[in-house]
Amino acid sequence: MGFRCGIVGLPNVGKSTIFNALTAAQIESANYPFCTIEPNVGMVPVPDARLDVLAEMVHTQNKVPAQMEFVDIAGLVAGASKGEGLGNQFLGHIRQVDAIAHVVRCFEDGNIVHVAGSVDPLRDIEVIDTELVLADLETVERRLAKTASQAKSGDKKLRAQVAVLERLRDHLDAGRPARLFSCAEQEAALLAELFLLTAKPVLYVANVAEEDLAAGNPWVERVAARAADEGAQMVAISGAIEAELAALDPEERAEYLAELGLREPGLHRLIHAGYRLLGLITFFTVGEKETRAWTIVEGTRAPQAAGKIHSDFERGFIRAEVIAYDDFVACGGEQKAREKGLMRSEGKEYVVRDGDCITFRFNV
């Protein structure tokens, strides 16, 4: 599993169109609000040329890429935090994802009605952010009331929590998302317990017209500036183009991308941006029967990486036999890398690096 990304946005910004194209799913997409009510889920293989190289090199029988899960969440509207437009249901779906892909409309089209009557991506972002902040503010105020009551006993730990919650309440009340809240490491654990919507990392997806995909437009520039200010990621995608690409075979797709002056489809750029946002990396297990890509958080140690394959691997971890991807390829496989001393035996403290080709040794 790569990560679970929820696609959100106002109605009619192109969320479902992009979801359809990215996942090659045929869910309903119509020109009216609340077309999507139940969240649609699509599993998408993570593109990684290194996996193709490794699989071909060892003549593997089964090549398994990492997976990214997209969840298409119905359009939010002003008042969602109070239940408007089925808001409570939609907010509940957002709580279940690792990151938010916030789709904003950066194109004009008289045939597609904008819920606010005009195109203004920054205004649209504010509408969504306001609803998520209000929902979080309600969560924090409930926790604060409960903790303040308990802290009357004089418990120092609870009194410290009250101080943090009061600061967080004021931060949210000023309209700022929880992900921008500054706190000490020990205070961050309290925030994690609250499962706040605005604490989730955000990737802005600017949905543009075909002619603006390569060079962008002033709307895209404003969204990019907003993302930079927040330390977020942004990627521009044309939902219309992605829909066309999804219907082409690989050779035709490559030709069409070349005509557009693009190196890769929007899906690839979206996944890569998501990986950067969440600090994810990939390691590989390589063999004739199966060659597979695995996604972990950067900084993961070898036993926990082994646990991604099977809990027994982590529980009975002995060592990890590691070859860097570049060394594996340069040597033409594991045997030559081993002969040249490029295979390392690493223990429990080893931090897995992006591209590592690993064989785990374990005993249970």
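## A tour of the sheet and one buried valine

Start with the sheet: it is open, has 6 strands in the order 2-4-1-5-6-7, and its pairing is mixed. Keep in mind that this is a predicted model.

Select strand 2 (40–45) and strand 7 (233–237) next. Both stand at the edges of the sheet. Each has a single partner strand, so one side of each is left without a neighbour in the sheet. Now look along the sheet: from one strand to the next, the twist averages 25°.

Move to strand 1 (residues 4–8) and strand 4 (residues 67–72). These two run parallel and are joined by 4 bridges. Which residue of strand 4 stands opposite Cys5? Select Phe70 to see it.

Now go to helix 5 (residues 156–173) and pick out Val164. Is Val164 buried or exposed? Its relative accessibility is 6%, so Val164 counts as buried; the cut-off for buried is under 20%.

Show what surrounds this side chain. Leaving aside residues up to four places away in sequence, Val164 touches Phe181, Glu187, Leu190 and Leu191. Finish by drawing a distance from Val164 to Leu191, C-alpha to C-alpha. The two are 9.1 Å apart in space and 27 residues apart in sequence.

How values were computed. Residues are numbered from 1 along each chain as its sequence is written. This is a predicted model: local features need pLDDT of at least 70, side-chain atom pairs count only at pLDDT 80 or more; totals for chains, interfaces and linings use all residues. Side-chain values use heavy atoms; hydrogens and water are left out. Two strands pair if DSSP finds at least two bridges between them. Axes are lines fitted to C-alpha atoms, for helices over the stretch in contact, and angles run from 0 to 180 degrees between N-to-C directions. Buried means under 20% relative accessible area, exposed over 50%, partly exposed in between (1.4 Å probe, protein chains only). Contact means heavy atoms within 4.5 Å.
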